[in-house]
Amino acid sequence: MIQPARILITAGEPAGIGPEIIVKLAQEPCSDQLIACASPTLLKDTAQQLHLPLELSVFNTNEEALAHRIGHLWIVPVELESPVIAGKLNQTNAAYVIKTLDTAHQLAINGAVNAILTGPVHKGIINQSGLAFTGHTEFFADKSNAHKVVMMLATEGLRVALATTHLPLKEVSGAVTPQLLQEVIEILIHELQSKFSLKRPKVLVCGLNPHAGEDGHLGREEVDTIIPTLEKMRTQFDAELIGPIPADTAFQPKWLTQVDTVLAMYHDQGLPTLKYKGFGKAINLTLGLPYIRTSVDHGTGLDIAGQGLADIGSMHYALQFTQQLINNRKSN
């Protein structure tokens, strides 16, 4: 009998749709153990509002992993700082959100769980509370002392990794250095091999400038940085690096059917296409961590929180994707 994996799910912003999504997910079949890191009271209240059954059992790392059963969750309890009103942000509960993430990290880094799946958080309210927070990607990288991590989003038929993440556009050019590109591509190749079981990954690299710089006439980043770095790395790694390709033509079937991943130079170069193609059925994945971390592709949904309208499509897809990554890691 195959031992179930342990997948820890953080509930995210308590006033958003994260708790609702977790409760709804608990009603679905799953072959692995699903563990929520959240306030038990919040999940119980959410289940009652949704008229859905929910039984909670406190997670014990010393007990054998058991497959999920419908209407039940194992839980790592984290208590709220203040009562929650759906759709209403409260900066007092920012510390609760951070504590769920820190708890998830500790369990993953110690090997108590096989993966972390994160619900959506609200960066603004966390920072308003006085806690510096750029995003999940940077948080887990810092906690793990990871030298460098790479953000990837994926949906059916398309994976997009980012050379830079949450940077103002005016800072992107200066950030795209040979060292950065080499680190990002090295992590990307390694993770495609280890997490996705691709022996010789094929990566399409976007240019930074319109028309990939037009031989230096529309910017020299391609000529001075991207092309030399790709040429160097082609001799060092067992991978196919294609590009740089103009971003406005990179996302076409003639390219995408030939490659495993697209590497975009900045956040809004690659993600609009991916979200147009797969919003609601896409996931966020952090590469370069010592554990598997995935996430839904949507925000906190404050406008529909508490109304029972949240769609679990992205969470369901993220769960399936996480399970596949765990299986790939076991087989390597």
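Predicted model: local features only at pLDDT ≥ 70, side-chain atom pairs only at ≥ 80, totals over all residues.

Modeller: Helix α7 passes helix α8 in a right-handed crossing. α7 covers residues 178-194, and α8 covers residues 221-234. Their axes come within 9 Å and cross at roughly 45°. The two helices are therefore oblique to each other.

Now look at the side that α7 turns to α8. Pro 178, Leu 181, Gln 182, Ile 185 and Glu 186 belong to α7. They meet Thr 225, Ile 226, Thr 229, Leu 230, Lys 232 and Met 233 of α8. By class, this contact has six nonpolar, three polar and two charged residues.

Follow the chain on from α7. The loop between α7 and β8 (202-206) holds Ser 197. Most residues other than glycine have a negative phi. Ser 197 is not a glycine, yet its phi is positive, about 60°.

Most peptide bonds are trans. The bond from Gly 243 to Pro 244 is cis, with omega near 5°.

Compare another helix pair, α3 and α5. Helix α3 is residues 94-109, and helix α5 is residues 136-143. The axes of α3 and α5 come within 11 Å and cross at roughly 50°. α3 and α5 are therefore oblique to each other. Their crossing is right-handed. From α3, the contact uses Ile 98, Leu 101, Asp 102 and His 105. From α5, it uses His 136, Phe 139, Phe 140 and Lys 143. These residues divide into four nonpolar, two polar and two charged.

His 136 also leads us to the annotations. An unreviewed UniProt entry gives "binding site" at His 136, Thr 137, Lys 275, Asn 284 and Arg 293. The lining of the largest pocket includes His 136, Thr 137, Lys 275, Asn 284 and Arg 293. Thr 137, like His 136, is named in that record, and Thr 137 lies in α5.

The unreviewed entry also lists His 166, His 211 and His 267 under "binding site". These three span 102 residues in sequence, and their farthest two C-alpha atoms are 23.4 Å apart, so they do not all gather at one spot. Of these, His 166 and His 267 are included in the lining of the largest pocket.

One more helix pair is worth a look. Helix α1 (residues 18-25) and helix α2 (residues 40-50) have axes that come within 9 Å. They cross at roughly 70°. That makes α1 roughly perpendicular to α2. In α1, Pro 19, Glu 20, Ile 22, Val 23 and Lys 24 take part in the contact. In α2, their partners are Leu 42, Leu 43, Thr 46, Ala 47 and Leu 50. This contact has seven nonpolar, one polar and two charged residues.

To recap the angles: α7 and α8 cross at roughly 45°, α3 and α5 at roughly 50°, and α1 and α2 at roughly 70°.

How values were computed
Residues numbered from 1 in each chain as written. Heavy atoms only, no water. Axes fitted to C-alpha atoms, helices over the stretch in contact; angles between N-to-C directions. Helix = DSSP H or I, 4+ residues; strand = E, 2+ residues; numbered from the N terminus. Parallel < 35°, antiparallel > 145°, perpendicular 65-115°, else oblique. Left-handed = near helix turned anticlockwise from the far one by under 90°. Contact = heavy atoms within 4.5 Å. Nonpolar A, V, L, I, M, F, W, Y, C, P; charged D, E, K, R; others polar. UniProt positions renumbered as here; feature names shortened; annotations may be inferred. 1 Å grid on protein atoms, 1.4 Å probe; cavity = no way out; pocket = protein on both sides within 12 Å on 5 of 7 lines; lining within 4 Å.
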